[in-house]
Amino acid sequence: MQLLKEHSAMQYDVIVIGSGPGGYVAAIRCAQLGLKTACIEKYATYGGTCLNVGCIPSKALLDSSEHYYNASHAFKTHGINLDNLSLDMAQLMKRKTEVVAKNTGGITFLFKKNKIDGYQGIGSFKDKNTISIKKPDGTEQEITGKNIIIATGSKPSSLPFIQIDKKRIITSTEALTLTEVPKHLILIGGGVIGLELGSVYSRLGAKVSVIEFMDSIIPTMDRGLGKELQKVLSKQGREFYTGHKGTGATVKGKEVTVTFDAPNGDKKELKGDYCLVAVGRIAYTDGLGLDKIGLTVEERGRKITVNDHLETSVKGVYAIGDVIKGAMLAHKAEDEGTFVAESIVGQKPHINYNLIPGVVYTWPEVAAVGQTEEQLKAANVKYKTGSFPFRASGRAVASGDMDGFVKVLADAATDEILGVHIIGPRAADMIAEAVCAMEF
């Protein structure tokens, strides 16, 4: 569906390159503040990775798979008996596509409502105020703007020794459109993306094996969370190889062989029908023409350097979201989009990066905000810790969700909350309470 229009040569107050969570929020806030705004998107639909091939479709599949898992595993204990339970994979994927369409369509509506001009194509710098747009039909168009916001997001990282064929050796993008449930899905990477997509297919009946280079899954979060999550997911049937290094993956017919090294150097291999490479994401700055305005990116991660106002070394050119330092989270990009828009018009906004929560949508869910225990120890901060197991909560016992705990870290002298770490039912909802407590 063609959602983005063509326009004659235009002069704008702000041009946003990319319409993901950071880009579309930045564009809408700029327009609300009275700035003539354009947004360039290379795909036919707005929303970037998050809405099209990331957060939204994965959450739709997580919800569907959770319903199926509960129907097949938990309903009997509630006295609900189902005969001939079956899975309609085509319908499950159809619903996911409809969810994506509703969300991307919502942005189209908001752009129209806020009089934002949308351009389809790949935007690149001609100079610091001129953007060339290469359209899908090969033609080019130029527009100019006083301020440019780079919001081009990220793409899946790969490993140099593994060839992604997008059929049997896949990334998160292909994992969202499988037409069958894998018999044995091998995950390389035990971070958020791999564990969430692994949860989808594990609940639908796949055997799931996780190979993680670090000695803990979700290694960027508090160690206690990773330890508990691994214990619970193992109980659900997943197998983990932490501290193991993936070394290769080959395909023969419908079989994938994944090789990896154990911590002691032993060579190991697993055979399955799909291998999902989920080793993080890398900033997407290809084709932007940053060199034409004197900008360079970091060697590792290809991030763009910005100051405290999220402005690059080129005046009037800003960058937000996954292309700059910090957590690759949709809500972090959205905050930055609003921040830049308000900065452009002379307001004095602020972002407290310490209070941007992170969530893993497995079940039990994992959510955290603030400092981890490891970070506090490294910084020699005197703290105290308190934890409460869900097993001791009457509500959790009643719902049958007894795995997990809540851990609160506080300053030893002042009692100021320094971090809250939750693994358990509805952790994604409850973490907002912790954010409020820490902010106010």
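Is S202 buried or exposed?

Guide: The model is a predicted one. S202 counts as buried, because its relative accessibility is 14% and the category requires a value under 20%. The residue belongs to helix α6, which spans residues 192-203. Once neighbours within four places in sequence are set aside, the contacts of S202 are V208 and R238.

On the α3 side the contact is made by S58, K59, L61, L62, S65, E66, Y68 and Y69; on the α6 side it is made by E196, L197, S199, V200 and R203.

Helix α1 (residues 21-32) and helix α8 (residues 330-344) pack with their axes 7 Å apart and at an angle of about 30°, so α1 is roughly parallel to α8. The crossing of α1 and α8 is right-handed. Helix α1 contributes P21, G22, Y24, V25, A26, R29 and C30 to the contact, while α8 contributes A330, A333, E334, G337, T338, A341 and E342.

Helix α4, residues 89-113, holds V100. With a relative accessibility of 11%, V100 counts as buried. The C-alpha atoms of V100 and I56 are 6.5 Å apart, although the two residues are separated by 44 residues in sequence. Beyond four places in sequence, V100 touches L51, N52 and P57.

Among the strands, β9 (residues 184-188) contains I186. This residue counts as buried, since its relative accessibility is 0%. I186 and I169 are 17 residues apart in sequence, and their C-alpha atoms are separated by 9.4 Å. Apart from residues up to four places away in sequence, I186 touches S209, I211, V256, V258, L270, K271, G272, Y274, C275 and L276. One of these contacts, Y274, also takes part in another arrangement: R168 lies over the face of Y274, at 4.5 Å from the ring centre.

A search of the whole structure finds three aromatic pairs. In one of them, the ring centres of Y12 and Y119 are 6.2 Å apart and the planes stand at 90°, so the pair is edge-to-face. Y12 lies in strand β1 (residues 11-17) and Y119 in strand β3 (residues 117-120), and the pair therefore ties together parts that are 107 residues apart in sequence. Y12 and Y119 are both buried. Another edge-to-face pair is formed by Y241 and F260, with 5.1 Å from centre to centre and 65° between the planes. This pair links distant parts of the chain, 19 residues apart: Y241 is in strand β11 (residues 239-242) and F260 in strand β13 (residues 255-261). Y241 counts as buried because its relative accessibility is 18%, and F260 counts as buried because its relative accessibility is 1%.

Technical notes
Residues are numbered from 1 along each chain as its sequence is written. This is a predicted model: local features need pLDDT of at least 70, side-chain atom pairs count only at pLDDT 80 or more; totals for chains, interfaces and linings use all residues. Side-chain values use heavy atoms; hydrogens and water are left out. Rings of Phe, Tyr and Trp (its six-membered ring) pair if their centres lie within 6.5 Å; planes under 30 degrees apart count as stacked, over 60 as edge-to-face and the rest as tilted. Helices (H or I, at least four residues) and strands (E, at least two) are DSSP runs, numbered from the N terminus. Buried means under 20% relative accessible area, exposed over 50%, partly exposed in between (1.4 Å probe, protein chains only). A charge sits over a ring if NZ of Lys or CZ of Arg is within 6 Å of the ring centre and within 35 degrees of the ring normal. Axes are lines fitted to C-alpha atoms, for helices over the stretch in contact, and angles run from 0 to 180 degrees between N-to-C directions. Angles under 35 degrees count as roughly parallel, over 145 as roughly antiparallel, 65 to 115 as roughly perpendicular and the rest as oblique. A crossing is left-handed if the near helix is turned anticlockwise from the far one by less than a right angle, and right-handed if clockwise. Contact means heavy atoms within 4.5 Å.
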